[in-house]
Amino acid sequence: MTEYRADVVVLGGGSGGYAAALRLAELGKDVVLVEKDKLGGTCLHRGCIPTKALLHAAEVADAARGAAEIGVRASFDGIDPARVRSYREGIVAKKFKGLEGLISARGIRVVRGEGTLEAGPAVRVGDDVYRGTDVILATGSYSRSLPGLEIGGRILTSEQALDLEVVPDRVVVLGGGVIGVEFASVWRSFGVEVTIVEALPHLLPAEDVSSSKALERAFRKRGIAFQLGRRFSSVAERADGVTVSLDDGTTLEADYVLVAVGRGPATSGMGFEEAGIRLERGFVSTDERLRTTAAHVWAVGDIVVGLQLAHRGFQQGIFVAEEIGGLAPVLVPDVDVPRVAYSHPEVASVGLTEAQAQERFGSDSVQAYEYNLAGNGRSEIIGTSGIVKIVRRVDGPIVGAHLVGDRVGELITEAQLAVGWEAHPEDIAPFVHAHPTQSEALGEAFLALAGKPLHAL
Ligand SMILES: Cc1cc2nc3c(=O)[nH]c(=O)nc-3n(C[C@H](O)[C@H](O)[C@H](O)COP(=O)(O)OP(=O)(O)OC[C@H]3O[C@@H](n4cnc5c(N)ncnc54)[C@H](O)[C@@H]3O)c2cc1C
């Protein structure tokens with residue numbers, strides 16, 4: 001056995017782990033980063049980046065289909081899955097190379113191999129032990145399944161769906177959360193018959209109900225079918241397809257079924273509990289400063305209960321690095337982390353839903369305003385419909401923003417500043433939004449809540 005020392009050992013080189021390592025290195029710390037697969041983790045290799053490349057291919061397909069309507073001669077001749085794949089893989093490869101270069105340029109020691117936590121704290125990789133003054137756990141998550149659903153063959157998780165080498169005719173998507181909705185959107189743009197099955201009453205059930213309903217309207221128009229408030233009961237797989245049975249006796253025929261029912265924390269078999277870490281339903285228990293129950297051991301990213309998003313992982317990684325560096329940073333609460341589903345149309349939000357705000361402050365103390373993108377010139381030009389809904393406390397700050405429409409994910413940052421800085425609509429109303437942009441829709445909502453609507457009644 002060889003023992004190595006470092007200021008900090010990071011277990012897992014995904015969004016949370018590598019962000020922590022980069023910030024620690026900036027702060028002059030000697031860092032070891034242990035990764036069993038590839039730096040960049042789920043987001044870069046199997047999550048955010050490859051799925052957004054697919055969604056861009058889907059957008060181009062839709063643009064080609066609709067080109068003639070706006071006077072551009074083009075036709076949609078179909079999807080070339082091999083070419084889509086090489087486009088997607090090319091983007092991932094470039095970003096991966098950039099990340100490896102950055103990690104190496106910051107002088108971070110990368111150890112390739114599967115690590116286990118030891119008390120001390122330390123991380124063991126094979127016969128070697130890496131002992132740090134602090135250890136950060138960032139081992140990420142895995143696709144969950146449902147009882148009676150064995151992944152394989154025609155039953156896919158998002159990983160197999162990304163690798164699918166054919167464009168199927170029919171797909172059933174189990175789960176109407178972000179991953180399910182994004183894949184449904186891609187497949188529909190590729191010409192696939194898609195049915196989403198969601199046990200709760202709406203698609204994207206964690207979003208403001210106005211956003212869910214606007215997405216459902218748009219999906220219905222696009223020919224995406226969904227069964228809401230229905231549970232899956234079984235799947236029968238044959239050589240040429242699958243039959244999905246639901247709890248109300250409905251059966252759905254498809255070529256494939258995508259299981260998109262959430263992601264579980266990757267925390268078992270790595271010595272966490274033996275080293276004094278308390279787990280709750282598999283997630284690592286932390287205090288509000290991301291300290292685990294073992295001294296000098298921290299946790300970031302998808303293993304910490306809450307939003308499983310890459311930018312939350314980045315933020316938590318930076319936070320813990322600065323905490324270790326003695327900078328007493330401010331942790332952004334989950335509610336202020338922006339959320340985007342990159343479907344067609346996109347759904348973006350930050351802060352509280354109207355219902356959550358009413359529950360917290362009382363229904364008489366909350367005011368909401370919904371601006372329809374039909375009134376926004378830029379949205380009309382690009383052919384998208386949707387809403388911008390702003391929730392405020394009466395005579396008080398903006399506490400939530402909920403947007404639906406193509407490209408609205410790019411607008412969420414302004415809304416995030418408003419919510420995070422507890423701005424009042426009256427504070428923002430004097431700021432000018434360039435015309436014609438989709439950001440004007442946010443401006444209109446702020447103006448209306450400040451009592452002086454422009455292009456609205
Ligand atoms: C299909 C899909 C689409 C997504 N799209 C988005 C999106 O658009 N935007 C967004 O914000 N988020 C998105 N996400 C979520 C995002 O990918 C995760 O929130 C993010 O990757 C979590 O980062 P993490 O560092 O916690 O874990 P991960 O990225 O999973 O990284 C964990 C790393 O730890 C390594 N590891 C695990 N155990 C060990 C061990 N014992 N030893 C050594 N190494 C180990 C793994 O190999 C992995 O590299 C998506 C996820 C999926 C699945």
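Predicted model: local features only at pLDDT ≥ 70, side-chain atom pairs only at ≥ 80, totals over all residues.
Which residues does Gln 358 touch, not counting residues up to four places away in sequence?

View 1. Gln 358 touches Ser 363 and Val 366 when residues up to four places away in sequence are not counted. The residue belongs to helix 9, which spans residues 354-361. Gln 358 is partly exposed because 16 other C-beta atoms lie within 10 Å, whereas a buried residue would have 20 or more and an exposed one 12 or fewer. Between the C-alpha atoms of Gln 358 and Val 391 the separation is 9.8 Å, and these two residues are 33 residues apart along the chain.

**View 2. The shell around the ligand.** There are 37 residues around the ligand, and those that come nearest are Gly 12, Gly 14, Gly 41, Gly 140 and Gly 301. At least two residues of the shell are supplied by each of helix 1 (15-26), strand 2 (31-35), helix 2 (41-45), helix 3 (48-66) and helix 8 (310-324). Sorted by class, the shell comprises 19 polar, eleven nonpolar and seven charged residues.

**View 3. The packing of helix 3 with helix 4.** Two packed helices are described by the distance between their axes and the angle between them. The axes of helix 3 and helix 4 (residues 81-105) come within 9 Å and cross at roughly 140°, which means that helix 3 is oblique to helix 4. The crossing of helix 3 past helix 4 is right-handed. From helix 3, Ile 49, Pro 50, Ala 53, Leu 54 and Ala 57 meet Val 84, Tyr 87, Arg 88, Ile 91, Val 92 and Lys 95 of helix 4. In this contact of helix 3 with helix 4, nine residues are nonpolar, two are charged and none is polar.

Key:
Residues numbered from 1 in each chain as written. Near = placed C-beta within 6 Å. Helix = DSSP H or I, 4+ residues; strand = E, 2+ residues; numbered from the N terminus. Nonpolar A, V, L, I, M, F, W, Y, C, P; charged D, E, K, R; others polar. Axes fitted to C-alpha atoms, helices over the stretch in contact; angles between N-to-C directions. Parallel < 35°, antiparallel > 145°, perpendicular 65-115°, else oblique. Left-handed = near helix turned anticlockwise from the far one by under 90°. Contact = placed C-beta atoms within 7 Å.
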